[in-house]
Every structure is written in structure tokens, then in C-alpha cells.
Amino acid sequence: MRLQDVYALNVKELAKGRLFRLSYGNWNTEDEGSRKHFSCLKPLPRIPPLRLFSWSDPGNKRMARNILKYEKLLRVNPDGGGEEVALQRPNVTHLETRDTYERLCQSLGSQPSHYELPNLYCSYETNGDPLLILQPLKREIVHLRPYLALYHDFVSDSEAEKIKALAAPWLQRSVVASGEKQQQADYRISKRKEIEVTVALDRRIAALTGLNIQPPYAEYLQVVNYGLGGHYEPHFDHATSRKSPLYRLKSGNRIATLMIYLSSVEAGGSTAFIYANLSIPAVKNAALFWWNLHRNGNGDDDTLHAGCPVLAGDKWAFKGSQSTSSHEKLATITGIKLVVKEEEEEKKL
Ligand SMILES: O=C(O)CCC(=O)C(=O)O
Ligand SMILES: [Fe+2]
């Protein structure tokens, strides 16, 4: 039901092997603009047919039987037969942001003109860090307010495989903060495991963010795995209430989030930013970075975001939130955001 709702799936179309009402969007950044130093996005996978469900889980006998059954029904009655039944939503409170969320999950990217904006570009970045001089980061600025940057090829294939293998045997159902406790919730369906990263990756993350990522300034990085239908509905990564346990943690509120996509997803599974009006596909090995707090320490409400449900395949991500325990620390942070902010502020003058 969740997949039918979010992706407005039509059962008849689904049986014919068409997963999306809309096809993958226009988010093709491989334009000829000279400001592009490298191709921002790898080509997106083709939309898979109905049989893809069985490829994603070849041992699933029930799924195999169902596919045979539907294929037989289609042969007998290619039009599906009967009147089309209108899509019925479950009886849940309709949130204002819901329509945007669903639209962003269905399409990749946002307006076609998005990439015509001159301040959204790709560049090599060293952030003044000697570590990055020989191997600069490939940064694609995808949005300014909130600042969203996608760092392509941030990890290698073998690093991604190692991280997944380390976490796989220990994955447990993800939880969310609820009052003073943490608990499972239907709006976040995935499995996760906190792991310690290699020194090399640790250094690279610190070089990217300009932040101290050692506990207690950061939480342990979390490997997240979403199966079919796995999702994380719109939420903030930072605490929005003083009562939240995050305010009482030594590490303080979450200043920034870095999410490394350890896999691509055959269909669905993009990260949608509701107010920024764009969704970012899971680009394997790329890292998505954003700031959750303004420089004064207040939460940035424009960062409302979600992990769209996985429609085919599965999704692996590696995610960490850097925290800050005091405003003084915010003031000492150097890095991308300060540069962007300063640029923006200069423009305003
Ligand atoms: O999986 C995603 O795309 C988003 C995940 C997320 O927002 C989170 O883990 O906080
Ligand atoms: Fe999040």
C-alpha cells in the first residue's frame, strides 16, 4: 500500500511491468556548460520490468509463483479486465507536505531549469586540506538554501563493500527519538548498525566537513539498509524541541549530516528535500552533505527531508551527524558552509 500510495502505482500498469506513472525525470546534468568539470551524475538505471522483483530476491518462491500467476492472467486478459478501481489511500491524517513528498519521490530532481542556475555547479575542492591536494573532492552543489552538496566518488567500490559487509550481520531495526526515549516507528522502516570507520575515511570526512568528527562531537556513523518498501518519511535530523534528548547529550544538537550512498537503487529510494523541492537519487559511492543548523545554532527548517520508499532493489547508506555542544564550536567551524554563506552575504550587499 505504501508503495502504491507514494508512487501512485496503478495495478494494471504494474502487472505490465511499468513501475512509474512518471518516468525518471529530467535531471540530466551532463549538459555542455563549460562550468561543469566532470559529469555530475552517472546515467540512471532503466526502469525495470515486473520480473525485476524476482531478480531482487531470486530465492523468494512466493514471489516467483505470483509473477507466473499474473503473467498467466495477462495472457488470458491482456487489458487486465474489469473497471479500473481508483487508488484508495489508507485512512491517515493528510500532512501538508505529503503531496510534495510523493511528487519528489516519483520524479528525480526538480525543475528542468534547476541546472541552469549559475551558482549550482561542479568543481574539484581541496578545502585547503593537504589530504585532498592529490585527490580533490568532486563537489556538485545541488542547492543553496539549504546548502546541499553531493560529493561524487567519495568512497571506492571496495570501501563501500567493506562497510556493508561489516554491518550486515549486525543490522537491527532503526529507531527514532520519541520524547526521552528511542523507539521503532512506521515512518522509519530500515535496519541500521553503528560502526567505527577506518582512519582513512575518518580523515576524508573531516576534510570534507571541516568538523571534528570524533565522539563526543559526532555520533558513530550508522550503516542503514532499506529493503523493498523501506523508507524514512519527512523529518529533521536536528532536535526541534528543547525537550529532545539530543539537547541533553554531551554532543549537543546535530549541526550537519553526511550521507554516503553505498548502493544505487533500481527504482525509488531517492532522498527528497521537501522545501528545497528536489530529490536526489542514491548515487552509489557519492556523499550528500548538508547543514541542519544555522550559524546561530537554530535549526534550519528548510532541511525537512525524507528517504523515499525503495520500489525495487535495496538501498544502503552510511550516515553520520556531526554534533555541536556549544555555540562557540559553531563559530570555530571552518569549511564549506562558511564559504557559501559568505558568498551569499557578499551578494546581498
Ligand atoms: O535514506 C535517505 O535518503 C535519508 C535518510 C535520512 O534522512 C536519515 O537517516 O536521517
Ligand atoms: Fe534524516
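Analyst: Ser270 counts as buried because its relative accessible area is 1%. Buried means under 20% relative accessible area, exposed means over 50%, and partly exposed lies in between, with a 1.4 Å probe and protein chains only as cover. This is a predicted model, in which local features need pLDDT of at least 70 and side-chain atom pairs count only at pLDDT 80 or more, while totals for chains, interfaces and linings use all residues. Residues are numbered from 1 along each chain as written, chains are lettered from A and ligands numbered from 1 in the order written, and side-chain values use heavy atoms, without hydrogens and water.

User: Which residues of helix α7 are buried?

Analyst: In α7 (residues 199–209), the buried residues are Leu201, Asp202, Arg204, Ile205, Ala207, Leu208 and Thr209. Gly210 comes just after this helix and has a positive phi of about 70°.

User: What phi values do Asn127 and Asn285 take?

Analyst: Both are positive in residues other than glycine: phi is near 50° for Asn127 and about 75° for Asn285. Asn127 sits in the loop between β1 (122–125) and β2 and is partly exposed at 32% relative accessibility. Asn285 is in the loop between β14 (278–280) and β15 (287–291), where it is buried at a relative accessible area of 6%.

User: How is a polar contact read, and which side chain does that of Ser174 meet?

Analyst: A polar contact is a pair of N or O atoms within 3.5 Å; within protein, one atom must be able to donate a hydrogen and the other to accept it, and residues adjacent in sequence count only if both atoms are side-chain atoms. The side chain of Ser174 makes such a contact with the side chain of Ser190, at 2.7 Å. Ser174 lies in the loop between β4 (172–173) and β5 (176–178) and is buried, with 0% relative accessibility.

User: Which backbone oxygens lie within reach of a polar side-chain atom of His143?

Analyst: A polar atom of the His143 side chain lies 3.2 Å from the backbone oxygen of Arg145, and one lies 3.1 Å from the backbone oxygen of Pro146. His143 is in strand β2 (residues 137–143) and is buried at 14%. The two partners, Arg145 and Pro146, are joined by a cis peptide bond, with omega about 0°. Pro146 is in the loop between β2 and β3 (148–152).

User: Which residues surround ligand 1?

Analyst: A residue is near a molecule if one of its heavy atoms lies within 4 Å of it. Around ligand 1 stand Arg188, Tyr226, Tyr232, His235, Asp237, Met259, Thr271, His305, Gly307, Lys315 and Lys319. At least two of the shell residues come from each of β10 (231–235), β16 (305–307) and β18 (315–324). The shell has three nonpolar, four polar and four charged residues, where Ala, Val, Leu, Ile, Met, Phe, Trp, Tyr, Cys and Pro count as nonpolar, Asp, Glu, Lys and Arg as charged, and the others, Gly among them, as polar.

User: Which polar side-chain atoms lie by oxygen atoms of ligand 1?

Analyst: Tyr226 has a polar side-chain atom 2.6 Å from a ligand oxygen, His235 has one at 3.0 Å, and an N or O atom in the side chain of Lys319 is 2.8 Å from a ligand oxygen. Taken alone, ligand 1 exposes 300 Å², of which the protein buries 99%. Accessible areas come from the Shrake-Rupley method with a 1.4 Å probe; for residues, only the protein chains shown count as cover.

Notes
Helices (H or I, at least four residues) and strands (E, at least two) are DSSP runs, numbered from the N terminus.
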